Amino acid sequence: MSLVQRLETFDRRWIFLVVGLLVLLPLIWPVPLPITVSPRVQKFYDAIEALPEGSTVLLACDYDPGAKPELVPMTRSVLRHLFARHCKAIITCLWNGGPGLVDQTVREVGREQGKAYGVDYVDLGYKAGYEAVMVLMGQSIPNTFPTDQSGGITTSYPIMRGIRNYSSFPILISISAGYPGTKEYVQQVEGRFHIKIIAGVTAVSAPEFYAYLQSGQLQGLLGGMAGAAEYEKLRGESGAATRGMVPQSFAHVFIALCILAGNAVQWLKRKEKRA
Amino acid sequence: MKREIPLMATAVIGIFMILSFFVPHQLVSVPADFLQTSAVIVVAFGYVLGGANALRINFDAIYKRREGWPYKIVLVAGLLTMVTVGAIEGRGFQGEHTRFTWIYNSVYSPMQSTMFALLAFYIASAAFRAFRIRTLEAGLLAVAALIVMIGRVPIGDWLTHALPYSYRLSSIQEWIMDNPQNSAKRAILIGAALGVMATGLRVILGLERSYLSGED
């Protein structure tokens, strides 16, 4: 068997092993790599910095555990940032697989920052209905979410006093992994209810939002784990996203090498056939 | 009448929803709000229907020992377990320390994370075996992909830190994303939006009837 044939038919489990090691080893022995903050992330950060202290913010967390490594670090940093500015957060979720994860994340950060549930933050949980729920929230948030994630009466919490609809918030922060999420908030809410939106999305969906960012329909954007790491850098944190940058860097380089190697093998094969 | 009533309902509701965007008057906004609330209720009923349908189809497959029937037992058991535990817990079933939440955190969440984590392995394998550069267009795509892939992560800056800022991989990938990518994406978005508008109009006018029992 020639070298080309051997390369073409080699066991793909070797690739799996290399990917596994490239991800695992930097997590055990971290290597410092420079993180450059992009203008999109800077705008996201500045939008939160520009909020008046003590504002109440709507944080839409539309994702499920599949997007945990990318979006949970963002959610944590955003909440820490809001709490550091003495802002309050009202959290919603329109993904049926996500409310448990969102609730866990929000409560963890709330406890860590010494914030009281129902006073400084509240998790309104999940509501079925996709875009219809987004529009309904424009009429009345307490009516759309009569109970919170734990089954408590929404209007009984001090944080909900004076909260009517989108007009009660200076900004909507959408952290989403797909449908329904940031795109639908831009389409259904931004133009209709005139609310400023900033977003954190998965890396794979981020290119879709560059157009909205350029048109001013989005005021800032965190794209994937890299965006979350840049945001952590601005916040002076060294969280899960920053730690994840080295394994992700190595995995990206390896995938690039795989593309080049695969094509080199094909080129050699064609050359061998011609000879 | 079997066809005319749904067509009429679609037309009236569709027109109301469009009007609600532009007319803030109560005569339009109140019925539109009612329709939005109804939509949420219909979606909630959809979940009940979906659950019942999943049970019916999977029970049938298990009974007839169709291919993969043992997996369907796991699916049905999972579905019934979650519904039962949720029902026993009552209104606060998604609270912090409930059994429902424990199952979610210990079973559902790690399993779904694992499924997505596996993608990294398969993408690397597919990159080696399937990403073939046979044409000039494929070559351009590959070059752009490689620049963006490396430039998006910190190692891109580390590899090119000796170069002037605008020649670094991160700057080049930013340019690719902001200009060629964004232009193409915007064109696709505008095209898709026009398509959605045309389809919506066809549905409202009753020209598009495929949603009615699969008719053309």
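Helix α2 (residues 13-28) of chain A packs against helix α11 (residues 240-274) of chain A at an angle of about 155°, their axes lying 7 Å apart. The two are therefore roughly antiparallel, a term for angles over 145 degrees. This is a predicted model, in which local features need pLDDT of at least 70 and side-chain atom pairs count only at pLDDT 80 or more, while totals for chains, interfaces and linings use all residues. Residues are numbered from 1 along each chain as its sequence is written, and chains are lettered from A and ligands numbered from 1 in the order in which they are written.

- Among the residues making the contact are A:I15, A:V18 and A:L22 of α2(A) and A:V246, A:F250 and A:F254 of α11(A), contact being C-beta atoms, placed from the backbone, within 7 Å.
- The contact residues comprise 13 nonpolar, no polar and one charged.

**Interface**
- In chain A, 55 residues are in contact with 52 residues of chain B.
- The largest share of the side of chain A that touches chain B comes from α11(A), with 15 residues.
- That side divides into 28 nonpolar, 20 polar and seven charged residues.

**Nonpolar core**
- Within the largest nonpolar core, of 92 residues, those touching the most other members include A:V57, A:L59 and A:A89; a core joins buried Ala, Val, Leu, Ile, Met, Phe, Trp, Tyr and Cys residues through C-beta atoms within 7 Å, buried meaning 20 or more other C-beta atoms within 10 Å of a residue's own.
- The most residues given to this core, nine, come from α11(A).

Technical notes
Axes are lines fitted to C-alpha atoms, for helices over the stretch in contact, and angles run from 0 to 180 degrees between N-to-C directions. Helices (H or I, at least four residues) and strands (E, at least two) are DSSP runs, numbered from the N terminus. Angles under 35 degrees count as roughly parallel, over 145 as roughly antiparallel, 65 to 115 as roughly perpendicular and the rest as oblique. Two residues are in contact if their C-beta atoms, placed from the backbone, lie within 7 Å. Ala, Val, Leu, Ile, Met, Phe, Trp, Tyr, Cys and Pro count as nonpolar, Asp, Glu, Lys and Arg as charged, and the others, Gly among them, as polar. A residue is buried if 20 or more other C-beta atoms lie within 10 Å of its own, exposed if 12 or fewer, and partly exposed in between; C-beta atoms are placed from the backbone.
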